[in-house]
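Subject: Structure for your review

Dear colleague,

Please find the structure below, together with its sequence. My notes on its contents follow it.

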2 protein chains.
Amino acid sequence: MSPALRAPQSELYRPIELTFTGTGVIPADRTPVTVYARHGASGAERVVPGFWDGGTAYRARFAPDLEGEWSWTSESTDAALSGRSGTFEVVRGGDHGPVRVAHRFHFAHADGTPFRPVGATAYNWLHQDEPLFSSTVDAIAEAGFNKFRFMVFPQGGGYIEHVPTLMPFEKTDGRWDVTKPVPEFFQRLDRAVEVLGERGIQADVLIYNAYDRGQFGLNELTEQEDAIYLRYLVARLAAHPHVWWSLCNEFDQLERPDDRWDRTGALLAEIDPHDHLRSIHNWIELYDNNQPWVTHASIQNGSVTTEFGRANLYRDVYGKPVVLDEIKYEGDIPDRWGHLDAEQLVHQFWIATVAGTYASHGESFATESGSLHMVEGGPLRGESPARLGFLRTVLEEIDGAGLDPIDKWDDPAYVAGIPRCLYVQYLGASAPATWDFRLPIGVPGERPEPGDRFQVDVIDTWNMTVTPVGRTFTLDDVQRNDAYDRASAPVELPEGEALALRITRIGG
Amino acid sequence: MSPALRAPQSELYRPIELTFTGTGVIPADRTPVTVYARHGASGAERVVPGFWDGGTAYRARFAPDLEGEWSWTSESTDAALSGRSGTFEVVRGGDHGPVRVAHRFHFAHADGTPFRPVGATAYNWLHQDEPLFSSTVDAIAEAGFNKFRFMVFPQGGGYIEHVPTLMPFEKTDGRWDVTKPVPEFFQRLDRAVEVLGERGIQADVLIYNAYDRGQFGLNELTEQEDAIYLRYLVARLAAHPHVWWSLCNEFDQLERPDDRWDRTGALLAEIDPHDHLRSIHNWIELYDNNQPWVTHASIQNGSVTTEFGRANLYRDVYGKPVVLDEIKYEGDIPDRWGHLDAEQLVHQFWIATVAGTYASHGESFATESGSLHMVEGGPLRGESPARLGFLRTVLEEIDGAGLDPIDKWDDPAYVAGIPRCLYVQYLGASAPATWDFRLPIGVPGERPEPGDRFQVDVIDTWNMTVTPVGRTFTLDDVQRNDAYDRASAPVELPEGEALALRITRIGG
């Protein structure tokens with residue numbers, strides 16, 4: 001009956017799990033046990049909902065965000081769960097903590113370490129058997145992806161070759177009973193999230209499902225039922241530092257009024273004690289990402305990264321990070337969303353990058369089973385993942401919050417960067433033979449000065465090389481909107497390759 | 001002492017002015033007289049604020065929105081203004097009524113007549129002497145513009161060659177006293193608005209001013225003072241059917257927190273009994289146009305109409321009409337916003353059109369006086385106005401709400417229209433020699449069917465001609481995202497011209 005503290009878990013940002021033995025009665029629409037955790041030195045209090053985990057087992061999970069001594073007490077209407085208490089000592093470990101919004105348009109872990117998402121996708125991964133389940137994680141980790149989108153509920157419809165037997169709820173009178181979660185289902189989900197964390201991958205959890213299409217009926221829950229499930233899910237998963245919440249993929253495939261999503265999103269913001277990132281992903285109609293509960297815009301649009309100068313507009317209107325969680329997929333199926341070649345997809349990622357946004361990958365080669373990687377996972381066969389892993393290394397070398405368009409009013413070269421420090425110009429899928437040194441100047445922003453000195457690296461986005469030009473460039477002509485080194489000879493380039501330039505200030 | 005009813009003004013949507021004689025005391029921050037107007041047949045009540053107009057004169061203006069008999073009574077803390085009453089009979093006249101949002105992304109008058117804005121701009125026009133004042137109106141009316149942006153407060157800064165002596169308020173202890181409006185100033189404003197209405201031009205009134213730059217100090221009013229002025233302005237102007245409200249041009253040049261604009265915009269929505277269109281125009285930082293008080297997004301961006309596929313993104317995020325009230329100007333000054341050639345500006349208007357948005361014109365040739373047309377007005381000298389008047393006639397021939405992008409997810413041809421009825425494809429600044437009949441298909445939307453028959457007109461956007469192709473096209477291949485007439489020969493085009501195609505269903 002006494003709560004047990006699993007060891008070793010008392011590291012900063014890492015989940016601590018408290019286990020209780022109760023009566024086994026599952027409260028229908030409230031938290032069976034609540035844990036109040038208090039940080040000794042600061043007096044900060046965190047309130048954590050617990051959850052039923054089968055039989056008479058109840059748990060509460062808490063990820064401490066401060067080092068030092070914490071004490072906790074439990075409260076419940078079930079006397080067996082109430083009035084427990086304990087302490088734990090939190091020390092700094094290797095975890096950087098949950099990812100938060102940083103510098104308005106970017107992301108960083110709670111400890112300040114920047115996080116640059118380069119995401120992967122396999123919606124129905126959770127419901128696959130081995131070896132598919134594990135090979136998926138191996139493949140995306142090895143490719144270098146650091147975020148992964150997957151659904152809690154199983155997918156129905158096309159390309160679905162495997163229907164799970166393990167479902168999230170029991171049925172009462174033939175109808176899903178959200179007051180009776182199936183512990184084995186959610187234990188499997190726990191483990192899936194843990195596995196991603198062990199590989200350094202953020203778990204972008206898709207909470208509701210627009211792809212049920214009546215096959216399972218999990219799309220037919222009422223708003224109240226959705227809320228009960230949401231509270232359960234948050235109680236289970238929120239202590240994992242690497243969880244991101246996405247209410248739904250292609251939310252507008254479900255014919256629900258927007259204000260239902262508004263309320264569900266606001267509820268999520270209210271009940272998550274660990275305040276993870278929150279978004280909702282669209283099909284055709286955009287959600288109002290200006291809603292306060294939305295931390296970043298998660299957007300689908302087939303053409304927003306095919307040309308320069310588009311995705312940046314989403315940043316302007318939302319004033320939040322923009323993650324383009326579907327920009328079509330590398331693959332060979334007839335659907336227009338599923339037959340990009342790798343060169344094109346990599347090209348679009350670089351356009352997203354200099355737009356100051358982030359993108360996610362998906363792969364849609366028809367597999368032996370008749371499914372697609374972006375549905376069920378498995379090994380990756382495309383040529384883009386290695387290049388996207390390379391892009392991630394380039395992004396991680398940025399010394400600063402992230403890349404912002406420098407002159408967002410009208411820069412014909414679409415340069416992003418950090419004013420007067422670092423500039424990245426993507427020259428497109430087929431670079432010219434030479435490049436004349438030129439920087440845009442933002443309004444407002446820190447203006448470069450005559451005499452500022454820069455070095456330039458030529459980044460081959462396809463062949464994955466970074467080649468220093470080996471000369472120093474010095475600004476000798478700074479105008480209102482542009483700055484030049486007129487005296488230097490043009491940079492010779494491998495014409496026709498998909499190149500980016502990284503221009504770093506080294507003095508002046 | 002008895003209220004006078006100016007005749008003949010009892011036409012639907014036309015302002016009726018009630019004149020009262022009071023004590024001449026101006027209440028500081030409230031309405032000196034309120035008129036309650038009741039429509040006999042429906043019982044509908046409208047509450048209209050009155051205003052002081054100098055000496056002992058007070059007025060209230062009301063534009064009836066229903067035909068038939070109305071009665072009214074007045075209320076005031078000044079006994080001389082209170083308890084008056086009367087009746088008037090409203091008959092249908094020639095006015096279509098105020099412009100409202102229609103079909104989410106477009107505009108129509110209160111009587112349902114579509115309105116397609118093709119706007120002009122001369123910010124400081126109100127403050128010019130004759131003949132400049134009248135020649136401005138003549139020029140924009142003759143060119144065919146139907147909306148005009150101008151500021152109430154005078155402009156300071158560059159290109160200002162004329163400083164008015166007539167100012168909106170008296171000063172008290174050296175500071176503008178918004179409780180003491182200068183009637184002559186606002187009578188001049190009344191007349192300016194009336195003059196535009198007589199020429200069929202919507203008055204897009206810029207209420208506050210980001211271009212004072214301390215020269216007049218009208219940018220230094222407090223939020224409370226701004227509100228007093230706003231109530232006065234609304235009481236004076238709102239009965240004019242053709243008024244649009246714009247809180248500010250380049251609002252973000254004023255260093256004010258966004259929530260001050262939020263409150264001012266919400267106040268405007270609350271106090272305008274005639275519920276005119278409301279917007280706010282940005283410089284670099286976009287306002288949150290998802291705010292409920294905003295009826296349409298009024299946006300500046302230098303690059304959003306230079307290429308296809310951009311301006312439409314603003315529609316998606318706001319779900320409101322988008323009016324691009326600054327896309328750079330036709331002119332010859334060094335500033336990058338002021339030296340487009342006419343071909344480029346017309347090109348950008350057509351890109352805006354097939355993005356399902358509207359744009360506004362401005363002209364920035366340096367004039368003899370050292371000013372610019374977009375500052376002080378006067379005759380137009382550019383080559384774009386005639387082409388924009390032609391664009392307006394094309395827009396006015398649309399039988400429907402307006403043009404919407406058909407496949408907003410990914411249409412490489414950027415076709416806008418009304419599904420299965422009308423399609424407009426702009427082929428860009430330099431058309432190819434031939435065009436193969438092809439229509440995009442929206443998701444969702446009314447799908448064209450095999451056998452649907454269409455006629456095609458070739459619109460020369462520069463030479464201002466509409467030439468029917470003279471053949472009928474019949475869909476013989478309807479796929480998921482595109483529909484074709486494979487059997488017909490390609491349409492021969494005058495290669496290199498700036499052409500649009502208008503594709504109209506005539507049967508099938």
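With which residue does Arg502(A) form a salt bridge? The partner is Glu397(A), and the closest N and O atoms of the two are 2.8 Å apart. Arg502(A) belongs to strand β33 (residues 499-507) of chain A, while Glu397(A) lies in the loop between α8 (384-396) and β23 (404-405) of that chain, so the bridge ties together parts that are 105 residues apart in sequence. With a relative accessibility of 14%, Arg502(A) counts as buried. Please bear in mind throughout that this is a predicted model.

Salt bridges

Over all chains, the count comes to 80 salt bridges. One of them joins Asp190(A) to Arg61(A), with 2.8 Å between the closest N and O atoms. Because Asp190(A) is in helix α2 (residues 183-198) of chain A and Arg61(A) in strand β5 (residues 57-62) of chain A, this pair ties together parts that are 129 residues apart in sequence. Both Asp190(A) and Arg61(A) are buried. These two residues also belong to a network of salt bridges that links Glu17(A), Asp53(A), Arg59(A), Arg61(A), Asp190(A) and Arg236(A).

In chain B, the side chains of Asp95(B) and Arg14(B) meet in a salt bridge at 3.2 Å, N to O. This pair links distant parts of the chain, 81 residues apart: Asp95(B) is in the loop between β7 (85-90) and β8 (99-102), and Arg14(B) in the loop between β1 (4-5) and β2 (16-21). Arg14(B) has a relative accessible area of 30% and is therefore partly exposed.

The interface between the chains

The contact takes 32 residues from chain A and 32 residues from chain B. The area buried between the two chains is about 3300 Å², with carbon and sulfur atoms giving 49% of it. On the side of chain A, Ile284(A), Arg336(A) and Trp409(A) lose the most area to chain B, and together they account for 26% of what that side buries.

Across this interface there are 10 salt bridges. In one of these, the side chains of Asp335(A) and Arg480(B) meet at 3.5 Å, N to O. The count of residue pairs in polar contact between chain A and chain B is 26. Helix α5 (residues 311-318) of chain A supplies five residues, the largest share of the side of chain A that touches chain B.

Aromatic rings

The structure holds 66 aromatic pairs over all chains. In chain B, Phe153(B) and Phe169(B) form an edge-to-face pair, 6.0 Å centre to centre and with 80° between the planes. Phe153(B) lies in the loop between β12 (147-151) and β13 (169-172) and Phe169(B) in strand β13, so the pair ties together parts that are 16 residues apart in sequence. Phe153(B) and Phe169(B) are both buried.

In chain A, ring pairs link a cluster whose members include Phe51(A), Phe153(A), Tyr208(A), Trp261(A) and Trp293(A).

Rings also meet charged groups in chain B. The charged end of Lys171(B) sits over the ring of Trp176(B), 4.5 Å from its centre. Likewise, the charged end of Arg188(B) sits over the ring of Phe133(B), at 5.1 Å from the ring centre.

A further residue in chain B

Val195(B) is placed in helix α2 (residues 183-198) of chain B. Its relative accessibility is 15%, so Val195(B) counts as buried. Val195(B) and Ser134(B) are 61 residues apart in sequence, and their C-alpha atoms are 8.8 Å apart in space.

Yours sincerely

How values were computed:
Residues are numbered from 1 along each chain as its sequence is written. Chains are lettered from A and ligands numbered from 1 in the order in which they are written. This is a predicted model: local features need pLDDT of at least 70, side-chain atom pairs count only at pLDDT 80 or more; totals for chains, interfaces and linings use all residues. Side-chain values use heavy atoms; hydrogens and water are left out. Rings of Phe, Tyr and Trp (its six-membered ring) pair if their centres lie within 6.5 Å; planes under 30 degrees apart count as stacked, over 60 as edge-to-face and the rest as tilted. Helices (H or I, at least four residues) and strands (E, at least two) are DSSP runs, numbered from the N terminus. Buried means under 20% relative accessible area, exposed over 50%, partly exposed in between (1.4 Å probe, protein chains only). A charge sits over a ring if NZ of Lys or CZ of Arg is within 6 Å of the ring centre and within 35 degrees of the ring normal. Contact means heavy atoms within 4.5 Å. Buried area is the accessible area (1.4 Å probe) that two parts lose on being put together, summed over both. A salt bridge is a side-chain nitrogen of Lys or Arg within 4 Å of a carboxyl oxygen of Asp or Glu. A polar contact is a pair of N or O atoms within 3.5 Å; within protein, one must be able to donate a hydrogen and the other to accept it, and residues adjacent in sequence count only if both atoms are side-chain atoms.
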